[in-house]
Amino acid sequence: MKLNFFVIIAVFLSLISCSDNINKNNLVDKNATERTSIMFEKLLSMCGKKTMFGHQDTGVYGHSGWMYIEGKSDIKDVCGLAPAVYGWELGHLELGEEVSLDSVSFNEIRKGIQYADSKGSINTISWHLKNPWNGNSAWDKSAGTIQQILTDSVVEQRFMSYLDRLADFLLSLKDERGEFIPVLLRPLHEHTGSWFWWGRDFCTPEEYKQLWCKMVSYLKDVKEVHNVLYIYSPDKVLSKQDYLDRYPGDEWVDIWGLDLYHRDGESKAKEYMDTASMILSFMSEECVQRKKPFVFSETGLSTLNMNNWFTEVLYPIISKTHPAYVLLWRNAYNMPDHFYAPYPGHSSTDDFNRFVQKQDIVMQGE
């Protein structure tokens, strides 16, 4: 009896040790919390098999104008199930303000993250931070901002103060046991486009990489934020080489992402499907080799003007490769024509219900 007991303990400890080695070696942050390491492994194991469904700002407001009702979401109102992935936006956090650029309370966002985590859902964060050089919005197109951060001490210090506030927020995310909640951070995203100050036309590939590494290093090594996985998420690219053009390296990226929207409705459906499928295909192949999860980090069709979009457009794309999750953009509470997910009464609700009932689409609790 004693022998069996010690054998069991030895096997258990060896499994823990082996798991830790795998987790830590594959992570950007070798001091990541246990929960963060586990999340990485869960995402990695999901890839190629099933895809979790996600929705931006799903837990804090909805299309009909409601706000701050715990447990409510347009998604749950439509299909009876909440998303497996919750997306959040932290723009204006860097300014020390109490509400985001979408006028959402950061305290409510924190509560939403805690609630989603308590229900077993994953939290992913985007950050449309202001230009630290001139104070303009994230959509400022002034060339040279990254160069200024890297060479001008005043601009650098302002950028670092932005990171200080981000770190404070990330370190405030704790569950009911007092443990840090793991989150996925998607910074400096859609950089292959040129609509943000960190976009392709406004910096060199080397400058972008330097800024990425500076940011990640500061958060994990100086601020000791260890509950984050970092997502690298370009917009549309033409090839694997294009995707990797500004890639800072496996040691600086945990997860491969893709931000790509379906624009112009049915007339561009095939183009969207072909492009997304091509990119996700090489992402899938590369991530198997690199032992990285990959995700469809942001997508959608504005106003859902195709009633069969979920089963006839989105599902054929993701079912080919099964990224760990797909995240639709938000249903604005104050903009009637700004929504990407169905809400009660919308004509695509039946199609969406067929989509979520598929065996390889995962919702909260599944």
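I started with the pairing rule: two strands pair if DSSP finds at least two bridges between them. Helices (H or I, at least four residues) and strands (E, at least two) are DSSP runs, numbered from the N terminus.

Ground rules first. I'm working on a predicted model, where local features need pLDDT of at least 70, side-chain atom pairs count only at pLDDT 80 or more, and totals for chains, interfaces and linings use all residues. Residues are numbered from 1 along each chain as its sequence is written, and side-chain values use heavy atoms, with hydrogens and water left out.

Confidence. I looked up pLDDT, the predictor's confidence in each residue, from 0 to 100. The chain mean is 94, and 94% of its residues reach 70 or more. Residues 1–22 stay under 50, and there the model has one contact (heavy atoms within 4.5 Å) beyond four places in sequence.

Strand 2. I found strand 2 (residues 85–89) pairing in the parallel sense with strand 1 (residues 51–56) over three bridges, with Q56 opposite G87. Strand 2 also pairs in the parallel sense with strand 3 (residues 122–126), over five bridges; there W88 stands opposite I125. I checked burial too (buried means under 20% relative accessible area, exposed over 50%, partly exposed in between; 1.4 Å probe, protein chains only). V85, G87 and E89 on one side and Y86 and W88 on the other are all buried.

L150. I located L150 in helix 5 (residues 145–151). L150 is partly exposed at 28% relative accessible area. L150 touches E207, Q210, L211 and K214, not counting residues up to four places away in sequence. L150 and L211 are 61 residues apart in sequence, yet 7.3 Å apart in space, C-alpha to C-alpha.

Salt bridges. My rule was a side-chain nitrogen of Lys or Arg within 4 Å of a carboxyl oxygen of Asp or Glu, and the count came to 20. One of them joins D175 and R35 (3.2 Å, N to O). D175 sits in the loop between helix 6 (153–171) and strand 4 (183–186) and R35 in helix 2 (residues 34–46), so this pair ties together parts 140 residues apart in sequence. D175 is buried at 12% relative accessibility, whereas R35 is partly exposed at 24%.

I also noted E286 with R290, closest N and O atoms 2.8 Å apart. The two are four residues apart in helix 9 (residues 269–290), about one helical turn.
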